[in-house]
Amino acid sequence: MQAAGTEGDLVDLMRRVAAHDTKAFAELYRRTQSKLYGVVARILRRGDQSGEALQEAYVRIWEKAAEFDPAKGSPLAWMATIARNRAIDEVRRSRPVSLEELPEALEPAAEEVDPLGARDRSERLAALLDCLRGLGDDRREVVLLAYYRGLSREALARRFDKPVPTIKTWLRRGLMQLRDCLDS
Amino acid sequence: MTVSPEDDAAAAEFALGTLDSSERAALAARRLREPELDQAIRGWEERLAPLAEATPPIDPPQDYLAAIEARLKTGDASAAVVMLERRLARWRAAAIGAASLAAMLAVGFVISETRRAAAPTEFVAVLQKNAETPAFVASINVETRELTVRPLAAPPQPGKSYELWIIDDKLGAPRSLGLIGTSGVTRSPRLDPYDRAVVEAATYAVTVEPPGGSPNGAPSGPPVFVGKLVPVGP
């Protein structure tokens, strides 16, 4: 695993990638591939789909690097958003329902994500985690499972043994509460 | 915040990824035309993005760098080119969404047309915002390049003109096919210069322009109706 490097290094690389510097792009890829693969593989779980989503994500990062704004977040967060969107597009389009019911044992070994236990935190992550703590346990869990594992409302409904409309309400109220907390 | 609470909640779920595929596709299409909705989605993405920092890395099973580099468009990255590519990308995204709907809808219109012109050289495109609002039907003979546009339910635009464009990778920027009316049939010979293959594969889009058409030969705004050609007849 390669270290992602400091945020300042990545911001500099992003600027060079925006100018279509292929060397900088190769360096950016080397520093961030494991992080982004961690994002897409937890959602897609199938190696072929994850590899494809990763490649598409980096092509988009190359094309859109000029839109990156360091005032709005870290380069890693920006890249992860692109990678995650690719993975979610794919999982919503292609995943047969039965695959969402795969026993955990069949999934590739992926550590569960425990953001609340994360040690290295940016200020933004720390603020978001503080707000997440303020949600009820159930609302926090559905938001985190949706974010990290890409679970659909239906998959969440099965996991929590609740009707889909209840899950939708949890998600929406949880997200609104999160925003109110972040804005305050 | 200028979007409705319902749209804001949908934007939040879009960013989180919990919309189902049709809701997701619908919102993805709307954000192309609705900057406020687009902004709401970006706002939610930014709020949630720090979570990605806590994702433990997983090494990819292979090195994809060479494969990715082979897909990159390198070379001239002047601001103008980048802007143009972005604009084209938005247009294409809008067109792809509408194309499948157009294909389904066109089948219905085609039946009456078929008796008159059943040759495989006849194509039609329904130009529309969505399945409920077909605005124009473009009929094209790809051999003679004859272009005929009939209004279906295009709302009149007082003090404005509708302009039709042909969009294809091979052409670069969108090319004007002229103004189209909302009351009568419009015929245009403007497809003459284009290859048959381009005419068949292209996306057709309609923009709202100042009276008399775009002042600078480029679309002034995003397309309001789009469609792709489907063959008429068996």
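1. Terms and basis. Helices (H or I, at least four residues) and strands (E, at least two) are DSSP runs, numbered from the N terminus. This is a predicted model: local features need pLDDT of at least 70, side-chain atom pairs count only at pLDDT 80 or more, and totals for chains, interfaces and linings use all residues. Residues are numbered from 1 along each chain as its sequence is written, while chains are lettered from A and ligands numbered from 1 in the order in which they are written.

2. The α3–α4 loop of chain A. A:D69 sits in the loop between α3 and α4 of chain A. A:E67 has its place in that loop, between α3 and α4. A residue is buried if 20 or more other C-beta atoms lie within 10 Å of its own, exposed if 12 or fewer, and partly exposed in between; C-beta atoms are placed from the backbone. A:D69 is exposed because 10 other C-beta atoms lie within 10 Å. A:E67 is exposed too, with 11 other C-beta atoms within 10 Å.

3. A:E67 and A:R15 are 10.0 Å apart on the C-alpha to C-alpha distance, and 52 residues apart in sequence.

4. Positive phi values. Most residues other than glycine have a negative phi. Two residues deserve a look here. A:H20 has a positive phi, near 60 degrees, and is not a glycine. A:H20 lies in the loop between α1 (7-18) and α2 of chain A. A:H20 counts as buried because 20 other C-beta atoms lie within 10 Å. B:R145, also not a glycine, has a positive phi of about 65 degrees. B:R145 is in the loop between β2 (134-141) and β3 (146-151) of chain B. B:R145 is partly exposed, with 17 C-beta neighbours inside 10 Å.

5. The interface. Two residues are in contact if their C-beta atoms, placed from the backbone, lie within 7 Å. Chain A puts 54 residues into the contact and chain B puts in 36 residues. On the side of chain A that touches chain B, the elements giving two or more residues are α2 (22-44), α3 (47-64), α4 (75-94), α6 (123-134), α7 (137-149) and α9 (164-183) of chain A. α2(A) gives the most, with ten residues. By class, this side of chain A has 30 nonpolar, 14 polar and ten charged residues. Here Ala, Val, Leu, Ile, Met, Phe, Trp, Tyr, Cys and Pro count as nonpolar, Asp, Glu, Lys and Arg as charged, and the others, Gly among them, as polar.

6. Chain B overall. Chain B has six helices and nine strands. Of its 234 residues, 36% are buried. Among contacts in chain B with a separation of 6 or more, 63% join residues 24 or more positions apart.

7. Strand β7 of chain B. Five of the seven residues of β7 (residues 203-209) are buried, so this strand is largely enclosed by the rest of the structure. Two strands pair if DSSP finds at least two bridges between them. β7(B) pairs with β4 (residues 161-167) of chain B in the antiparallel sense, over seven bridges. B:V208 in β7(B) is the bridge partner of B:Y162. β7(B) also pairs with β8 (residues 225-228) of chain B, antiparallel over four bridges. There, B:G227 in β8(B) is the bridge partner of B:Y204.

8. Helix α2 of chain B. The 13 residues of α2(B) (residues 21-33) reach 19 Å from first C-alpha to last, close to the 18 Å expected at 1.5 Å a residue. The expected span is 1.5 Å times one less than the number of residues. The buried residues of α2(B) are B:R24, B:L27 and B:R31. Seen down the axis, the buried residues of α2(B) fall within an arc of 65 degrees, so they line one face of the helix. The arc is that of the directions from the helix axis to the C-beta atoms.
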